[in-house]
Amino acid sequence: MTTTPTDRQDADEQQLDSVDDVKQRFADAGYLADDRLATTVFLQTRLDKPVLLEGPAGVGKTQLAQSLAAVTGRRLVRLQCYEGQDETKALYEWDYGKQLLYTQILREKIGQVVADTSTLDEAIERIAAQDSVFFSDRFLAPRPLLEAISSPDPVVLLVDEVDRADEALEAVLLELLAEFQISIPEIGTVVAERKPYVVLTSNNTRDLSAALKRRCLHLFLDYPDAQRELEIIASKDTGLSATLATRLVEVVRQLRELDLRKAPSISETIDWARTLAVLGVSELSAEVLSSTLNVVVKYERDLARALREVPRLADPNAVVPDSLHGHGHGHGHGHGHGHGHGHGDDAAPAAPAAPAADDADGPSGKDVRASKDQPGRHDDGYYGAQGTTSVNGRAVSSGQGSRSFAAGSRKRPV
């Protein structure tokens, strides 16, 4: 079966007329797009090109696809990528249970088909001639990629966090991204009836192939400037006053300057604003910041480091005692309740203090944060590579562990 594209226009689909139209309609949908982003989206709708959005987590990449579906009246089809993802979960798979059920029901009919055959080979040839009956659309279970291509209505296809998927899935995507079609060996080539708007997102945990990037319009989304982030918070109706929202943005931007494993995202800033509004906060004191910091800081060592900076976050002119830089009261240390004191040789060292902003000899927190968003910064064990464990940066294979246990089971001479 081969389907061909059509030029029909759905009455409920809303075309984007210009870059300004993109900005206005996205703003009406609660997404504030700057000129670069609006231009990229407009070109996508005119050039029928996929868009690849790269950048830190939580800067609005996924939300852009959802907003694009909302403002154009298209249905959103989402493929969430993960490590070890089988292509059958992304493309299609055969419904073997349904095929078996039909075979059982039609057993008598199959018997009639081969009734007049005299040899086994002749019977097999007779049954093989009916392959197209059992390998047809009736027994095909479409997954997100095939669903987006075969949909009679226009859709927005979101391939989320493509950098988490294996390179094999990247290769599967190439045909779809270039030709808007999928080849099924048993059936033929399925070509999109209406070309979907395709949005791919990446958090830059690894480099994507040049072949994939070549097929896409590319845009890097970073954290917005203070004014833009303040406008985003205001557009979300968080309930926080404009004065407190301004101070909150300042605090968040200072947190992003620290050497954190994960800096606060825009979505987490919005969550923090809503949290403060619910609590009825009227001032961002050190106590308020300390009690709500876990809304935006999600790792224990990050939280310990941020808590040490709370006096400065609450009052930019405050002087933080050196003792607070050296001790985190157990947060982020090996045993959770020590004060940086070791319990044997395996005790974890205290977390290093973030470099001061006026230290001309050391890297700034902003530079350190930027390095965390570079592709390829994680080793193979970051997402749990099969058969290998990373211990203190050293790869340990599963075989090495087995040999160690085997050695321990040897009998000692008496």
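This is a predicted model: local features need pLDDT of at least 70, side-chain atom pairs count only at pLDDT 80 or more; totals for chains, interfaces and linings use all residues.
**Entry 1: helix α13**

Leu-244, Ala-245, Arg-247, Leu-248, Val-249, Val-251, Val-252, Leu-255 and Arg-256 of α13 are buried. I noted that the list includes Arg-247 and Arg-256.

Next I looked up the span. Helix α13 covers residues 242-257, which is 16 residues. From first C-alpha to last, α13 reaches 23 Å. At 1.5 Å a residue, 22 Å is expected, so the two values are close.

**Entry 2: α13 against α14**

I turned to the packing of α13. How do the axes of α13 and α14 cross? They come within 11 Å and cross at roughly 140°. The crossing is right-handed.

I listed both sides of the contact. From α13 come Leu-248, Val-251, Val-252, Leu-255 and Arg-256. From α14 come Ile-266, Thr-269, Trp-272, Ala-273 and Leu-276. By class, I read 8 nonpolar, 1 polar and 1 charged residues in this contact.

Leu-248, Val-251, Val-252, Leu-255 and Arg-256 are each buried.

**Entry 3: helix α14 itself**

I then took α14 by itself. Helix α14 has 13 residues and runs over residues 266-278. End to end, α14 reaches 19 Å between C-alphas, close to the 18 Å expected at 1.5 Å a residue.

Which residues of α14 are buried? I found Ile-266, Glu-268, Thr-269, Ile-270, Trp-272, Ala-273 and Leu-276. The cover over these buried residues includes α12, α13 and α15 (286-292).

I also looked just past the end of α14. Gly-280 has a positive phi there, about 70°.

**Entry 4: α12 against α14**

I looked up another partner of α14. Helix α12 spans residues 226-235, and its axis comes within 10 Å of the axis of α14. The two axes cross at roughly 55°. α12 and α14 are therefore oblique to each other. The crossing is right-handed.

Glu-229, Ile-232 and Ile-233 make the contact from α12. Ile-266, Thr-269, Ile-270 and Ala-273 make it from α14. I sorted the residues of this contact into 5 nonpolar, 1 polar and 1 charged.

I compared the α14 residues in the two contacts. Ile-266, Thr-269 and Ala-273 touch α12, and these three also meet α13.

I went on to backbone angles. Asp-48 has phi near 55°, a positive value in a residue other than glycine. Asp-48 sits in the loop between α2 (35-47) and β1 (51-54). With a relative accessible area of 33%, Asp-48 is partly exposed.

Phe-180 also has a positive phi, about 55°, and is not a glycine. Phe-180 lies in the loop between α10 and β6 (181-184). Is Phe-180 buried or exposed? At a relative accessible area of 4%, Phe-180 is buried.

I picked Leu-43 first. Leu-43 is in helix α2. Its relative accessibility is 34%, so Leu-43 counts as partly exposed. Leu-217 is 174 residues away in sequence, yet 8.6 Å from Leu-43, C-alpha to C-alpha. Neighbours within four places aside, Leu-43 contacts Asp-48 and Leu-217.

Ala-178 came next. Ala-178 lies in helix α10 (residues 167-179) and counts as partly exposed at 38% relative accessibility. Lys-49 is 129 residues from Ala-178 in sequence and 8.3 Å in space, C-alpha to C-alpha.

Then I took Arg-214, in helix α11 (residues 210-214). Arg-214 is exposed, at 59% relative accessibility. Arg-214 and Leu-177 are 37 residues apart in sequence, and 9.8 Å apart from C-alpha to C-alpha.

**Entry 5: whole chain**

I closed with totals. The protein chain has 20 helices and 11 strands. Of its 414 residues, 40% are buried. I looked at contacts between residues at least 6 apart in sequence, and 73% of them join residues at least 24 apart.

Terms used:
Residues are numbered from 1 along each chain as its sequence is written. Side-chain values use heavy atoms; hydrogens and water are left out. Axes are lines fitted to C-alpha atoms, for helices over the stretch in contact, and angles run from 0 to 180 degrees between N-to-C directions. Helices (H or I, at least four residues) and strands (E, at least two) are DSSP runs, numbered from the N terminus. Angles under 35 degrees count as roughly parallel, over 145 as roughly antiparallel, 65 to 115 as roughly perpendicular and the rest as oblique. A crossing is left-handed if the near helix is turned anticlockwise from the far one by less than a right angle, and right-handed if clockwise. Contact means heavy atoms within 4.5 Å. Ala, Val, Leu, Ile, Met, Phe, Trp, Tyr, Cys and Pro count as nonpolar, Asp, Glu, Lys and Arg as charged, and the others, Gly among them, as polar. Buried means under 20% relative accessible area, exposed over 50%, partly exposed in between (1.4 Å probe, protein chains only).
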